[in-house]
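Here is a short report on a model with more than one level to look at. Keep the structure open as you read.

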Amino acid sequence: MKTLNTEVLIIGSGFGAAPPALHFCERGYNVLLIEKGDNITPESDFKQTMDPKYLLKYIKCLKGEGIQFTFAEGLGGGSGFYEMVSFRAPSQAFNLRNDSGKRLWPTGFERKSLDPYYQIAEEKLNVHQIEKDCIPKNGIVFCKLMRNLGYSVDRVNYSVKDCRGSSFCVAGCKFGAKQNLITTYFRTAEQLGLNRIANIQAKEIIPLNNNGHYSDGLRDINKTPFNYQVNACSNLSGEKIQIFTKILILAAGTVGTAILLLNSRKYFNNISDHIAKNINVNGSIKTVGVLPDDFIDGDMFVGMSHPGVVSYEFLDSRGITISTSKPLPVDAVSTAHFSIEGEDGNSSWWGKKQVDFMKKYRRKALVLYALGLSTSTAELRKNGHNSYKPYFNIDEKFRQYNDSTTQLLHSIFRRNGAKVVNLDFIDGEGNEYHDIHIFTAHMTGSCRMADDISQGVVDVSGEMFNQPGLFITDGSTIPSSLAVNPYLTILANAEKISDAITGMYNRN
Amino acid sequence: MENQTKLLANNLGLNNLLRRWKPQTNNPEKFSDMMKRLKQYNEISKTEKYDLLSIPPAMRMVLKIFPHKYCKNDSLKEKILKAFVTTVIPGSNENDDNLVNMYLDSYYPFHTYCGYFVYDLNRRSKKLFNKKEFLSLSDEEKTKVIKNALIGRELTRRLYKGAILMAQVSYFGAVYDEEKGCPLIDFPGRNNGYNQEEITYSYSSKLFDKELSLDGHPW
């Protein structure tokens, strides 16, 4: 068994991990970062392929009842495989309330609380708004569909430099155009002394010297004892590793952080009951349509993966944003069985009809999807020894949201003369789900921040209630759906928390 | 006992297919007898003389109780698999070297029950079309064979749905030849990027007069 000591241990390497790694390194702390997945060198490891063997090395799924979570495992977390579309969450998200009327976000936490940190994150990831004359063809098609009905469309922001439009963004950009955490945050942090190790999985956390009291005033890192022991193991050699740390930062993502805490629960006193609950699904609803022959062509296979546009038209009235995406062929056929509405009602998920549809897919198919401020939540439940499964309670409220949103998206197609494509979503073996099944990579909130332990897991500075020195900085702290891609909000919140933590400690 | 079956299935890469199958008996002695008998059937079934259809498909798959030529004869297996793919994806090229790679790829569990799958295609063909083998059927007849399997037992349905999904993923996604892409659906595959005029339309800048914000963040 190997034993390591460090001042700061960060578990995970995604959007929640990058800011604390950089902040602590900039201030001269001894920082160790461990990542469960593989090390990634973007220039040589990213490939233009949809080969499941390659993708499944990094992209993982947790399948459950009514829901499937998708997340990345590997250095940089989701930053290697995201669509690089960068949103500040709308103000409405921060004002969401639960069924009892209680605000989901902590008191005083508003969009303007995050704006300075959004700006920092945007600068570090080279985020800028797409130029009007660079919108990919599918974005133009979307724009035309919406404008025909009098709806507004806005251009989105991207984290990209010198994009070639090769369309394989979600497989990892081998050209280095899409900005990821490996070549931005971590490269700088490493120059400042970050020690990072891949293929190390944290198994459990044991609190040491924990009297449950927060020290008042500035905490002196030199006088701070090793507060936490993390038992980990190498995924390559199986070697067991004990890591002792003064400050522990959990940034393994909404799924990873919650599972690690559940597996460590026996060692903790007075830990929140909210761990692994309240998981927001971001109200993800997807539809597909086939454009009329006389409509301009789109292009599913050329240009950036995200088509550069979003409509906020229904944010106030329905709490949703509408956008479009460009699934490559493997994504399309492995997500759902398609049948075009009105074409004799028979499913056309294989054979001639399916080939006819796939021949139209590149130029004439369009995906419309909505993300929404839904308050229906999922949770992780035990499913065997140290194994967990997500459950999504599809309540009446969510059914209504699903139905009304789907109807709206379908009506956008129909009023433009497009045909709606019926989707039967399928599992990994090709079997249809018989009820609503949500696929999301936008899950947040399994360790949400709150005013007190009766409402959540961490306070606004990311520190776990009753666990001094244990911080959570990833998407699990975000208490609500955002109706937009959450990565920039996770990154900005991690910047904000890192600012707060480094302000709590004195390095001298 | 159930664990024993699961272990066996797991060793053969069939755990997904067999996860709902349970042995008919709870008596360990009877179970042991059953396993012995099934092994004997395995021997008997090496030729095509006996078709032991009374045995559940799951057991026939696990213990390879079907004519062994479907496992041993790679050329026959490939021909039948290619015919299956060209039926599922009309227009796909049967001379494509990569057409059935995914079925035979040891990364996927399907390769372990590939033999049973091609046997089942032939068995259904003979049953439905007067002893004609799958390879000798017309496209329409081949389609009927697959449709017949898709309304069969649950295990059979899952096997065929999985096989169809693999054909689509592999062929449309050009998984075994990213350079070539999939010409049938105009998927270009691997590329070095595109010119501006291929990515967008020249008039795109005129379409954004109704934006709600200057920076993409209206609220």
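## Domains of chain A

Chain A is assigned two domains. Domain 1 of chain A covers 1-92 + 100-123 + 175-278 + 441-508, and domain 2 of chain A covers 127-160 + 284-372 + 395-435. These bounds come from an automatic or database domain assignment. The centres of the two domains, taken over C-alpha atoms, are 32 Å apart. Domain 1 of chain A puts 17 residues into the contact, and domain 2 of chain A puts in 19. Two residues are in contact if their C-beta atoms, placed from the backbone, lie within 7 Å.

This is a predicted model: local features need pLDDT of at least 70 and side-chain atom pairs pLDDT 80 or more, while totals for chains, interfaces and linings use all residues. Residues are numbered from 1 along each chain as its sequence is written, with chains lettered from A and ligands numbered from 1 in the order in which they are written.

## A sheet in chain A

Look for an open sheet of seven strands in chain A, with antiparallel pairing. Its strand order is 7-16-17-19-15-22-18. Helices (H or I, at least four residues) and strands (E, at least two) are DSSP runs, numbered from the N terminus. Strands pair if DSSP finds at least two bridges between them. Strand 7 and strand 18 (336-340) of chain A are at the edges; each has a single partner strand, so one side of each lacks a neighbour in the sheet.

Strand 17 (residues 320-325) and strand 19 (residues 365-372) of chain A pair over six bridges, in the antiparallel sense. Here I322(A) stands opposite A370(A) of strand 19. Helix 6 of chain A packs on the sheet and touches strand 16 (309-311), strand 17 and strand 19 of chain A. Helix 11 of chain A lies across strand 15 (285-290), strand 18 and strand 19 of chain A. Its direction makes about 65 degrees with strand 19 of chain A. Angles run from 0 to 180 degrees between N-to-C directions, and axes are lines fitted to C-alpha atoms, for helices over the stretch in contact.

## Where the chains meet

How many residues of chain A are in contact with chain B? The count is 48 residues of chain A, in contact with 46 residues of chain B. Helix 11 of chain A gives the most to the chain A side, with six residues.

## Two helices of chain B

Helix 8 (residues 114-128) and helix 9 (residues 139-150) of chain B pack at about 105 degrees, with axes 10 Å apart. They are therefore roughly perpendicular (65 to 115 degrees). Residues making this contact include L121(B) of helix 8 and V145(B) of helix 9.

Methods. Parallel < 35°, antiparallel > 145°, perpendicular 65-115°, else oblique.
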